[in-house]
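Okay, let's get started. Have a look at this one with me, and I'll talk you through a strand pair, a metal site and then the overall picture.

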Amino acid sequence: MKAVTWHGNHDVRVDTVDDPTIEQPTDAIIRVTSSGLCGSDLHLYEVLGPFIDPGDILGHEPMGIVEAVGPEVQHIAVGDRVVIPFNISCGHCYMCATGLMSQCETTQNHDYGTGASFFGYTKLYGQVPGGQAELLRVPQAQFGPIKVPHGPSDDRFVFLSDVLPTAWQAVVYADVKPGDRLLVLGLGPIGEMATRIAQHLGIEHVMGVDLVPERLERARAHGVQAIDLEEHDDLAAVVREQTGGRGPDAVIDAVGMEAHGAPVGKLAHRLAGLLPDAAAQKLIETAGIDRLAALSSAFDLVRRGGTVSVSGVYGGAASPMNLMQIFDKQIQIRGGQANVKRWIDDLLPLVVADGDPLGTEKFATHHVPLDDAPGAYERFQKKEDGTFKVVFTPGAPSEAAAAA
Ligand SMILES: NC(=O)c1ccc[n+]([C@@H]2O[C@H](COP(=O)([O-])OP(=O)(O)OC[C@H]3O[C@@H](n4cnc5c(N)ncnc54)[C@H](O)[C@@H]3O)[C@@H](O)[C@H]2O)c1
Ligand SMILES: [Zn+2]
Ligand SMILES: [Zn+2]
């Protein structure tokens with residue numbers, strides 16, 4: 001089969017690799033019809049290379065049609081249409097039972113001291129072959145796959161794998177109620193979806209910050225008060241002025257470790273990229289090399305006693321943070337990888353609802369065959385050609401899936 005593979009910094013390719021097979025009684029194989037490209041994939045493209053091997057298959061936002069199931073997989077059958085959550089979780093351990101599927105004790109990675117495995121995401125998260133491929137082996141398929149109806153287009157459902165639950169969790173963790181003010185840093189797919197979900201949940205005052213003109217426009221088009229980072233030397237002053245001098249009740253960080261405006265971190269990322277893997281792994285594990293511009297501004301902007309909800313991914317173990325400010329302002333911090341299945345009962349009715357309340361149908365800007373993956377990665381990273389959300393279409397196009 002064809003698959004998108006990592007070969008080095010800024011070097012992804014489309015390789016022909018062996019088809020996956022059922023290896024465990026709890027496995028399933030799906031034929032992938034749609035598969036998202038995520039901001040998290042960009043961290044592999046630039047920063048996390050030391051934890052990934054050439055030839056590893058990328059991608060963690062797939063959906064498709066079930067081709068085969070192991071004997072212990074009961075809730076889905078061959079021919080079913082399924083979305084695959086990016087976390088690989090068992091559904092029956094302590095963590096899964098408490099709704100923390102991204103911390104699943106069955107698939108945690110003890111070698112690195114990290115949480116549940118997920119698809120296409122380095123040795124830190126299990127080095128499990130990913131879903132930007134024609135076929136995908138799904139471990140723990142007795143629990144993970146989300147069965148969805150045939151009929152509507154793939155775009156209605158594919159974002160259940162990551163964007164929708166991540167954005168939903170970001171808003172839940174922000175702990176806002178109607179009347180509160182929410183500010184979202186980063187208006188990429190995660191941040192923009194968080195603004196839509198917040199509005200859907202009755203939050204009227206939603207602000208957003210980014211620096212890409214089309215992204216600011218997209219958010220403004222549905223009523224977000226969007227601020228261009230490039231136009232303001234003192235973001236905090238602008239935000240305070242617009243929030244009665246106090247700051248928003250909650251701030252969501254939907255940027256992560258590659259934030260714009262962190263020259264020292266950027267240099268460290270380049271340096272890590274030049275070192276041999278073992279030395280670079282040590283540097284990332286022991287030294288703080290995140291680009292913290294967004295997270296630092298979250299602490300600065302949020303009102304005293306407010307909440308910072310962190311969806312953006314961070315990887316440096318010793319990134320310097322302003323603890324005095326966090327303590328002095330009494331800031332709550334919540335975050336982490338999304339617990340995908342925890343939120344599906346809230347989200348599934350919305351993605352099939354008349355009128356498409358979260359706008360999933362028109363969310364993707366580019367549908368791209370797998371062969372174009374190298375270009376799509378580059379355009380997404382450089383934010384060129386209006387690239388906002390890319391969905392790869394490795395298998396049957398969504399119409400064919402719909403007709404099945
Ligand atoms: N927690 C999870 O489970 C989870 C799941 C998916 C993605 N993520 C993470 O969420 C983040 C966003 O993902 P995405 O797909 O939307 O990616 P993206 O890279 O498209 O979006 C990030 C946006 O932040 C903007 N930005 C950069 N620096 C900024 C700054 N200093 N202030 C404000 N905005 C800034 C960029 O212009 C961009 O539009 C990434 O870190 C990704 O890894 C986390
Ligand atoms: Zn993702
Ligand atoms: Zn579990």
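So, methionine 207 stands opposite glutamine 225 in E10. This is a predicted model, where local features need pLDDT of at least 70, side-chain atom pairs count only at pLDDT 80 or more, and totals for chains, interfaces and linings use all residues. Residues are numbered from 1 along each chain as written, chains are lettered from A and ligands numbered from 1 in the order written, and side-chain values use heavy atoms, with hydrogens and water left out.

Back to that pair: E9 (residues 205-210) and E10 (residues 225-228) run parallel, joined by four bridges. Strands here are DSSP runs of E, at least two residues, and helices are runs of H or I, at least four, numbered from the N terminus; pairing takes at least two DSSP bridges. From E9 the chain goes through helix H6 (residues 213-221) to E10, a right-handed β-α-β crossover, meaning clockwise from first strand over helix to second, with the strands pointing away from the viewer.

Now the zinc ion, ligand 3. What are its protein donors? They're the SG atoms of Cys90, Cys93, Cys96 and Cys104, 2.3 to 2.4 Å away. Donors means N, O and S atoms within 2.8 Å of the metal, or 3.2 Å for Na, K and Ca; water isn't among the atoms, so sites may look incomplete. The spacing reads C-x2-C-x2-C-x7-C. Cysteine 93 and cysteine 104 are both buried, that is, under 20% relative accessible area with a 1.4 Å probe, protein chains only.

Zooming out, the protein has 14 helices and 15 strands, and 57% of its 404 residues are buried. The C-alpha trace spans about 60 × 55 × 45 Å along its principal axes.

Note on methods. Buried means under 20% relative accessible area, exposed over 50%, partly exposed in between (1.4 Å probe, protein chains only).
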